[in-house]
Amino acid sequence: MLIRDEAPLDAGPIGKLVTSAFQYAPHSSHTEAAIVDALREAGVLVISLVADKAGEVVGHIGFSPVEIDGRDMGWFGLGPLSVLPGEQGKGIGAALVHEGLQRLKTIGARGCVVLGDPMYYGRFGFKAQAGLVLADVPPEYFQALPFGGVEPHGVVTFHAGFAAS
């Protein structure tokens, strides 16, 4: 398996992959593929990686900037993370997360937030931070991973692309 940057021809396969990955997820709004497309079209998918297995896109992860109290503080949001259902549980998602976080650090990001399962994302160092809030979300599911320096406090806002449907 190869983790690589998304290429222009990957957009269609990524859309199908994301739809498939979230098809039976009970927490899903089933808009995740539209979110990825909206973020791509807005030019804010700062990091967009695919897991390529023998020429097939089997996983995808995106990172886009977030604002904290309406300001850009060098933080990014992880998501969505998608792996084909038949490939889940094989370390593909973890490989995408590790590579994406490393790339964020390389570009000078100050931290990353994610809305997701604390048991899954906790193994990468994400944890709920009392000072960072995502409106209308149970605090244990909104987690942050600072990369050093001052940890911000405030309300986090994801890009408007996350409202796509």
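**Exercise 1.** In this predicted model, find which backbone nitrogen the side chain of Asp117 reaches, then describe the surroundings of Asp117.

*Solution.* 
- The Asp117 side chain comes to 2.9 Å from the backbone nitrogen of Met119.
- Asp117 sits in the loop that links β5 (111-115) to α4 (118-122).
- Check accessibility. The relative value is 41%. Buried needs under 20% and exposed needs over 50%, so Asp117 is partly exposed.
- List the contacts, leaving out residues up to four places away in sequence. Asp117 touches Tyr141 and Gln143.
- Asp117 and Phe142 lie 25 residues apart along the chain, and their C-alpha atoms are 8.6 Å apart.

**Exercise 2.** Compare the span of helix α1 with the expected value, then work out how its buried residues are arranged around the axis.

*Solution.* 
- Take the length. Helix α1 covers residues 11-22, twelve in number.
- Compare spans. First to last C-alpha is 17 Å, close to the 16 Å expected at 1.5 Å a residue.
- Pick out the buried residues: Ile14, Gly15, Leu17, Val18, Ala21 and Phe22.
- Look down the axis. The buried residues of α1 fall within an arc of 165°, so they line one face of the helix.
- Recall the general rule. An α-helix has 3.6 residues a turn, so residues three or four places apart point the same way.
- Identify the cover. It includes α2 (32-42), β2 (47-53), β3 (56-68) and β4 (71-83).

**Exercise 3.** State what UniProt annotates over residues 1-146, and give the helix and strand content there.

*Solution.* 
- Read the record. An unreviewed UniProt entry annotates residues 1-146 as "domain: N-acetyltransferase".
- Read the model. Over residues 1-146 the chain is 29% helix and 34% strand.
- Finish with the ends. The end C-alpha atoms of residues 1-146 are 29 Å apart.

Methods. Residues are numbered from 1 along each chain as its sequence is written. This is a predicted model: local features need pLDDT of at least 70, side-chain atom pairs count only at pLDDT 80 or more; totals for chains, interfaces and linings use all residues. Side-chain values use heavy atoms; hydrogens and water are left out. Helices (H or I, at least four residues) and strands (E, at least two) are DSSP runs, numbered from the N terminus. The expected span of a helix is 1.5 Å times one less than its number of residues. Buried means under 20% relative accessible area, exposed over 50%, partly exposed in between (1.4 Å probe, protein chains only). The arc is that of the directions from the helix axis to the C-beta atoms. Contact means heavy atoms within 4.5 Å. A polar contact is a pair of N or O atoms within 3.5 Å; within protein, one must be able to donate a hydrogen and the other to accept it, and residues adjacent in sequence count only if both atoms are side-chain atoms. UniProt positions are given in the numbering used here, feature names are shortened, and annotations may be inferred rather than shown by experiment.
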